[in-house]
Amino acid sequence: IADIAARLQQDNNEQLLASALPNMPTQPFEALCQCIEHEQIGDTLATALIQKLEQLLAHNETDAGVISYCLRALSGSSQLTNAIKTVLSHTSATHADVLAAMAGRCWAALQDEKLMLIYLENLAQCAEGQDFFTAIVADLINIPGMQQPIHQSMRNPQRSSALARAIG
């Protein structure tokens, strides 16, 4: 899987992976995602990953770990922002694995102030509590270019009382 992921642009590998994704079992899918999170992926594979992500979100009993793998795999994609918007509107967006994947691999999409506010709202509602909120925000704020969207989201008068408490 690592060899194929490292050679996405060769031998039609990206197209082959995109066509195999819908029927791929969870364990090989997770291994693939772990490998391609370090690669720039094309639109064909990104579209297939987003379709897989949408299928996962359509089920009521969604595995947050698999969603986080999808997001991590999409981190090198031009379609990342759309995927983040989709996930942030779902109930799984308050799960620690999903939030950590967004902060760790997908932070560039969170430079959008509207997305950052939605992200922080979900982070404030995470069951992991205040320590998790503080740790994630501390990690994000130390990334160049992230201070302004975070500060503006924290000062937003439209923020929820849950977010205000987490900030306080």
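Which residues does Leu-71 touch, not counting residues up to four places away in sequence? In this predicted model, the partners of Leu-71 are Leu-53, Leu-80, Ala-83, Ile-84, Val-87, Val-98, Met-102 and Cys-106.

The secondary structure of the protein consists of 11 helices and 0 strands. Read from the N terminus, the order of elements is therefore α-α-α-α-α-α-α-α-α-α-α. For a chain of 168 residues, a compact globule would have a radius of gyration near 15 Å, and the 16 Å of the protein agrees with this. Along the principal axes, the C-alpha atoms occupy a box of roughly 55 × 35 × 25 Å. When contacts between residues at least 6 apart in sequence are considered, 69% of them link residues at least 24 apart.

Next come the surface and the interior. The side chains include 9 positive and 17 negative ones, and 8 Å separates the centres of the two sets. Of the 168 residues, 46% count as buried. In soluble globular proteins, nonpolar side chains tend to be buried together. Here, the largest nonpolar core has 58 residues, and the members that touch the most others are Leu-49, Leu-71, Ile-84 and Tyr-119. Helix α4 (residues 43–58) gives this core its largest share, namely 8 residues.

Is Ser-92 buried or exposed? Ser-92 counts as buried because its relative accessibility is 9%, under the 20% cut-off. With neighbours within four places in sequence set aside, its contacts are Leu-57, Ile-67, Val-87 and Val-98.

Glu-113 belongs to helix α8 (residues 113–124). Its relative accessibility of 39% is why Glu-113 counts as partly exposed. Which residues does Glu-113 touch, not counting residues up to four places away in sequence? The contacts of Glu-113 are Gln-148, Pro-149, Gln-152 and Ser-153. Asp-3, in turn, is 110 residues from Glu-113 in sequence, and the C-alpha atoms of the two are 37 Å apart in space.

Methods
Residues are numbered from 1 along each chain as its sequence is written. This is a predicted model: local features need pLDDT of at least 70, side-chain atom pairs count only at pLDDT 80 or more; totals for chains, interfaces and linings use all residues. Side-chain values use heavy atoms; hydrogens and water are left out. Helices (H or I, at least four residues) and strands (E, at least two) are DSSP runs, numbered from the N terminus. The radius of gyration is taken over C-alpha atoms; the globule rule is 2.2 Å times the number of residues to the power 0.38. Buried means under 20% relative accessible area, exposed over 50%, partly exposed in between (1.4 Å probe, protein chains only). Contact means heavy atoms within 4.5 Å. Lys and Arg count as positive and Asp and Glu as negative; His and the chain ends are not counted. The place of a charge is taken as NZ of Lys, CZ of Arg, CG of Asp or CD of Glu. A nonpolar core is a set of buried Ala, Val, Leu, Ile, Met, Phe, Trp, Tyr and Cys residues joined through side-chain atoms within 4.5 Å.
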